[in-house]
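Student: Before we talk it through, could you put the sequence and the structure up for us to look at together?

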Amino acid sequence: MEKHDRKPESNIFASVWRFLRRCLFLVLSLGPMPNHIAFIMDGNRRYAKRRNAEEGSGHGVGFTTLTSICQYCYEMGVKYVTVYAFSIDNFKRKPEEVQSLMDLMKEKIDELLEEESIVQKYGFRINFWGSLDLLSEPVRLVAEKAMTHTANNTGPVLSVCMAYTSTNEIMRAIKKSCARKSSRPQGYVNCDGESVCADINSYVTVADVEENLDTADCPDPDIVIRTSGETRLSNFLLWQTSLSHLQNPSPLWPEFSLRNLIWAILEYQKIYPYLEARRRLTKKEN
Amino acid sequence: MLPSLHLNSTLNCTTLNYSSTLLPLRGSRRRTRRDVANESLVPAAHPARRYPSLSASLAPAREEEERKEGALLPPPLRPETLPRHVAVIMDGNSRWAKARGLPSSAGHEAGYRTLKKMVELSCQWGIRALTVFAFSSENWTRPKMEVEFLMTLFENVLKERLGEFLREGIRVCIIGDSSELSQSLQKLAKEVVDKTKNNTQIDLIVAISYSGRKEITQACQNIARKVKDGLLEPEDITESHIEEELETNCIPEFPNPDLLIRTSGELRLSNFLLWQSAYTELFFTNTYWPDFGEADCFYLLWRYLCVLHKSVIKFASGSPFFLNNSGPFHLNGHERYVPQIIFLLQMRVDASQDLMDHRFM
């Protein structure tokens with residue numbers, strides 16, 4: 001109640017801005033819209049350094065950017081958003097920095113589970129991908145709590161990659177498929193009901209590896225955006241981004257705004273026909 | 001300012017914690033035949049030599065002399081700052097031909113000529129490994145005539161150029177699913193790989209009928225076979241087991257590319273070297289592959305140098321230099337650049353700034 005009484009002008013402004021956004025997204029959706037966008041949130045430390053702020057503050061601003069981007073994606077109808085929060089390589093940073101990042105993540109995940117957060121408002125389902133056992137106990141527990149709490153939500157899916165590298169994910173998928181296959185008996189029954197001996201060449205297939213990846217229930221990303229102009233994937237979704245449109249806008253992650261997001265989608269829409277033809281060819285080949 | 005370091009004394013393999021894709025520091029592992037060959041090259045290639053400007057290199061006599069030395073590298077590039085392994089997706093042949101009203105076979109032939117030039121350049125400039133994406137497993141769905149033309153082109157190229165590979169010291173590896181290729185091409189590929197396996201000047205990996213996902217799955221099958229035979233437990237599988245089984249392990253020193261170039265403006269990896277390009281710089285250029293020339297290559301290598309320079313600045317000006325009691329340097333993820341970083345740090349900061357400000361044609 002207090003919030004509404006405090007600034008009625010800002011509420012009018014907010015609703016006008018929301019209305020304008022909705023018109024803008026309607027125009028944008030005349031072209032093909034991506035179903036899944038992945039973000040590599042790079043540039044937080046540089047942002048803090050440029051503004052001569054203290055070291056960890058860039059990440060806090062980065063989190064605010066994340067929530068606003070999630071809100072815009074929801075309003076545009078993008079159903080899957082994936083973000084690269086913390087890589088296994090980032091554990092090699094200074095221990096104090098790693099610890100402050102862990103504390104920040106725990107605080108922000110708790111905030112996301114509160115009543116007025118965007119997660120509850122829009123019904124986001126949260127996934128955490130990565131080797132969660134490498135994280136410290138409190139962060140892991142809060143991540144698992146977030147996953148169970150939002151498991152039944154039907155809104156868009158926000159996947160946060162923590163303690164994640166793609167090579168690690170593929171290795172875990174291979175481990176799982178090998179373990180499963182070795183525990184099964186030599187022969188198996190195929191779909192016609194006949195008993196077949198396991199041929200070594202069909203022992204593990206592309207589908208086996210794919211169903212054991214963390215991203216099994218998610219489609220491949222349509223766009224991968226790495227902010228701050230860096231031109232690497234840094235071990236992010238290597239398997240899944242084979243046909244994704246790779247973009248590297250130069251604004252740093254905390255500076256990434258609606259304007260940059262719209263530009264990214266326009267770029268995607270420009271090459272969409274060619275991309276779609278490639279995808280159909282790939283499906284035909286498989 | 002740069003911290004004062006006694007780089008030559010304190011850095012060796014045991015204190016640095018970096019991946020095996022880097023050039024090993026002297027004395028850190030058993031010397032192989034390739035090391036001996038490279039060492040005999042190094043004194044000849046790296047005295048205090050003058051790097052000719054692009055205009056001066058037009059003088060034929062000088063060019064001949066310097067070609068003998070292998071030093072036709074335009075400034076500000078230096079051999080130490082070049083990527084060791086470059087991957088190229090040779091895209092745009094068909095579109096180039098279409099723009100000129102030619103059939104796509106003309107585009108592929110023009111693309112082959114560009115590839116020849118690129119291999120020559122890499123040999124001269126000192127790039128140690130070049131991987132090219134010749135034919136994807138998705139390309140089998142292209143029109144039959146085009147596919148047959150490409151297969152014939154591969155056969156002719158391998159037959160004609162075998163002598164040149166042996167003369168120039170090019171070691172050829174062919175990766176990809178060879179079971180889809182014709183018998184004659186398979187046999188020819190095997191023969192070329194066998195005959196050139198002792199060459200040491202440059203490694204050329206040609207990806208024919210290649211798919212990154214299938215490569216990883218094949219590695220997985222090999223590991224599954226080991227598990228089935230009881231040689232390996234599923235819990236003990238690590239990333240290095242998978243890396244050993246990948247086909248790019250034919251270059252064990254640097255299987256992962258430092259730089260990946262894709263021509264014709266497409267911003268995708270298209271199932272090429274998925275595992276290996278985890279930390280690769282991805283550079284995309286709008287030129288079609290047949291038009292890709294020395295100037296484009298030089299520009300991309302210069303951009304790579306700028307990326308290295310940024311890493312050096314991050315590395316030296318932050319405070320990553322601290323040794324805790326457990327030993328390894330914390331290089332904040334820049335481990336793979338160690339030899340280049342050491343080289344750039346040994347130059348003065350103002351000299352490396354000259355590199356950045358250098359204007360080229």
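**The open sheet and its edge**

Student: In which order do the 6 strands of the open sheet in chain A lie?

Tutor: In this predicted model, where local features need pLDDT of at least 70, side-chain atom pairs count only at pLDDT 80 or more and totals for chains, interfaces and linings use all residues, the strands (DSSP runs of E, at least two residues, numbered from the N terminus) pair in parallel. Pairing requires at least two DSSP bridges between two strands, and on that basis the order in chain A is β3-β4-β2-β1-β7-β8. Residues are numbered from 1 along each chain as its sequence is written, and chains are lettered from A in the order in which they are written.

Student: Which are the edge strands of chain A?

Tutor: An edge strand here pairs on one side only. Neighbouring strands of this sheet are turned by 20° against each other on average, direction ignored, with axes being lines fitted to C-alpha atoms. The edge strands of chain A are β3 (125-129) and β8 (245-247).

Student: At about what angle to β3(A) does helix α7 of chain A run?

Tutor: Helix α7 (residues 137-149; helices are DSSP runs of H or I, at least four residues) lies across β3 and β4 of chain A. Angles run from 0 to 180 degrees between N-to-C directions, the helix axis being fitted over the stretch in contact (heavy atoms within 4.5 Å). For α7 of chain A against β3(A), the angle is about 140°.

Student: What share of the 361 residues of chain B count as buried?

Tutor: Buried means under 20% relative accessible area, with a 1.4 Å probe and protein chains only. Chain B, which has 12 helices and 6 strands, has a buried share of 50%.

How values were computed: Side-chain values use heavy atoms; hydrogens and water are left out.
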